[in-house]
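These are my notebook entries on a single structure. I record what I looked up, entry by entry.

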Amino acid sequence: MANDTSIALDLWFEPGSFREGDSRVVRLGDRVLRCFNAHGGAEFQAATESGLLRELVEKGYTVASDPVNLADLPDLPALVPGVQLVVEHPVLPFISYPYEWPFDMLKAAALLHLEILQMALQRGFILKDSSGYNIQFVGSRPMFIDVGSFERWPEGASWVAYAQFCRMFLNPLLLEASVGIPYQPWLRSSLEGISPELLNRVLPLRSKLSRSIFMNVVLQSWLNRRFAASDALKKMATSRPLDRKNLLRLVGDLYRLIENLKSPYSRSEWAEYERQNTYNLPDRERKERFVAQAMMRSESRIVWDLGCNTGGYSRIAARYSKWVIAMDNDHVVANLTYQRSRGDTPNITPLVMDLLNPSPSQGWGQRERFGLEQRGPADFVLCLALIHHLAITGNVPFDQFFAWLGRIARAGVIEFVPKDDPMVGQLLRWRTDIYH
């Protein structure tokens, strides 16, 4: 949708890219263009000529960047003054955010970021920022999208984005791995991540005694407080030279720390539902056939599976569609879905999403990060064994639920669950039955 910064009807800024100083992302109809100023263009060209970007694209680590002739875009300089270089990126099937990713997805994104940083340093480049929003998932595969982040690294310079990496990746993962607190609500309410000062307050002592956690959380928290009170200390710390070997060692230590982190959650109330439910075998097979036939008829490109549980029907949908976005409010089952999808169904993107309170539009001007509805409509939606949860747990009237579905999808399958279903009885156990 065009906004008030558009010049032509189909040319506008991507709202989430305004923070990038040397490049901006522009949408031209269905095309995605990255526009560089003189400095940003020079850094991009240097990274291209070094072979770094070609290697990253070949490995599937970053999006392709095809050159575009500025003469073919006469309206662009009015929208992006000073534009010197334009490249085109492929359109991604769905945009998701770190506060929607289950544990192993955020972990995979963090490890990809560090691996790209290691490759960049080997060629004399560095990533000037470490935002979690610089990575997107194409199916179950993380992909780096901000090619404007690469810049030449002067020998001895510090990694200025280290603190941002910790806030966006390391600290959320430590919050869940060490304390058992799911990080998604924290990241959703703080788009810049979790500060070391805040994490330090909740970490148990046994975690703080770990050398890696002490260095990256406890010490960083203490230094942040000291630097805030002393400009001299800040200048002294930032002026210390850091050679490539030591910087690569820091990145390698972070990689090993994150690689060994595990979520303490492996079970939830709904994790076993796929095997222990109220369907007998013939009913389950009949339901699977119905979903498969509906998917074959629909020929949908993008399917949203709402209330996906561990992704059994997402995997059926994945056979007949190009991409499946599988959503569940239980972060444990979303993580299980991701673990399974990485192997046999890599076109599934699992997300942690509470459908009674889905991700809103937020950030600067409430346009920086899109709400769920603004990222639709999907071609097809699956609502299987879901409607009774929304109607009973959330008191959502049927007509409002159907109206919402009409806004987020063009077609779909809804499974009605009657009151004699045992799962409905479980939901009604402590409620007055006022539901028609």
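Which backbone oxygen does the side chain of Q136 reach? I looked this up before anything else, bearing in mind that the model is predicted. The side chain of Q136 reaches the backbone oxygen of S96, at 2.8 Å.

I located Q136 in strand 7. Q136 counts as buried because its relative accessibility is 2%, under the 20% cut-off. Leaving aside neighbours within four places in sequence, I listed L92, F94, I95, S96, R141, P142, M143 and I145 as the contacts of Q136.

I then turned to N134, which lies in the loop between strand 6 (125–127) and strand 7. N134 has a relative accessible area of 7% and is therefore buried. I found a polar contact of 2.5 Å between the side chains of N134 and D129. Not counting residues up to four places away in sequence, N134 touches D129, M143, F144, I145, D146 and S149.

**Entry: helix 14**

I asked how many of the eleven residues of helix 14 are buried. Nine are, so helix 14 (residues 331–341) is largely enclosed by the rest of the structure. I noted the buried residues as H331, V332, V333, A334, N335, L336, T337, Y338 and S341.

What do these buried residues pack against? I found helix 4, strand 7 (135–138), helix 5, helix 6 (184–189), strand 11 (323–328) and strand 12 (348–352).

**Entry: helix 4 against helix 5**

The axes of helix 4 (residues 103–122) and helix 5 (residues 162–179) come within 10 Å and cross at roughly 145°. I recorded the crossing as left-handed.

On the helix 4 side, I listed F103, L106, K107, A109, A110, H113 and L114. These meet F165, M168, F169, P172, L173, E176 and A177 of helix 5.

**Entry: aromatic groups**

I found 13 aromatic pairs in the structure. One of them joins W159 and F165; this pair is tilted, with 5.9 Å centre to centre and 45° between the planes. Are these two residues buried or exposed? W159 counts as buried because its relative accessibility is 6%, and F165 counts as buried because its value is 0%. I assigned W159, Y162, F165 and F169 to one aromatic cluster. F165 and F169 also belong to the helix 5 side of the contact with helix 4.

I next looked for charges over rings. R24 lies over the face of F13, 3.7 Å from the ring centre. The charged end of R369 sits over the ring of Y133, at 3.8 Å from the centre of that ring.

**Entry: H39**

I placed H39 in helix 1 (residues 38–49). H39 has a relative accessibility of 41% and therefore counts as partly exposed. Its side chain is joined to that of D22 by a polar contact of 3.0 Å. I also noted that H39 and E151, 112 residues apart in sequence, are 9.7 Å apart in space, C-alpha to C-alpha.

**Entry: backbone exceptions**

Most residues other than glycine have a negative phi, and most peptide bonds are trans.

Which residues does a cis peptide bond join? The bond joins G376 and P377, with omega of about 0°, and P377 is in the loop between strand 12 and strand 13 (380–383).

N309 is not a glycine, yet its phi is positive, at about 55°. I found N309 in the loop between strand 10 (302–306) and helix 13 (312–320); N309 is buried, with a relative accessible area of 10%.

A385, also not a glycine, has a positive phi of about 50°. I located A385 in the loop between strand 13 and helix 15 (387–393), and I recorded A385 as buried, with a relative accessible area of 14%.

Technical notes
Residues numbered from 1 in each chain as written. Predicted model: local features only at pLDDT ≥ 70, side-chain atom pairs only at ≥ 80, totals over all residues. Heavy atoms only, no water. Helix = DSSP H or I, 4+ residues; strand = E, 2+ residues; numbered from the N terminus. Buried < 20%, exposed > 50% of the residue type's maximum accessible area, 1.4 Å probe, protein only. Polar contact = N/O pair within 3.5 Å; in protein donor to acceptor, adjacent residues only side chain to side chain. Phe/Tyr/Trp six-rings, centres within 6.5 Å; stacked < 30°, edge-to-face > 60°. Lys NZ or Arg CZ within 6 Å of the ring centre and 35° of its normal. Axes fitted to C-alpha atoms, helices over the stretch in contact; angles between N-to-C directions. Left-handed = near helix turned anticlockwise from the far one by under 90°. Contact = heavy atoms within 4.5 Å.
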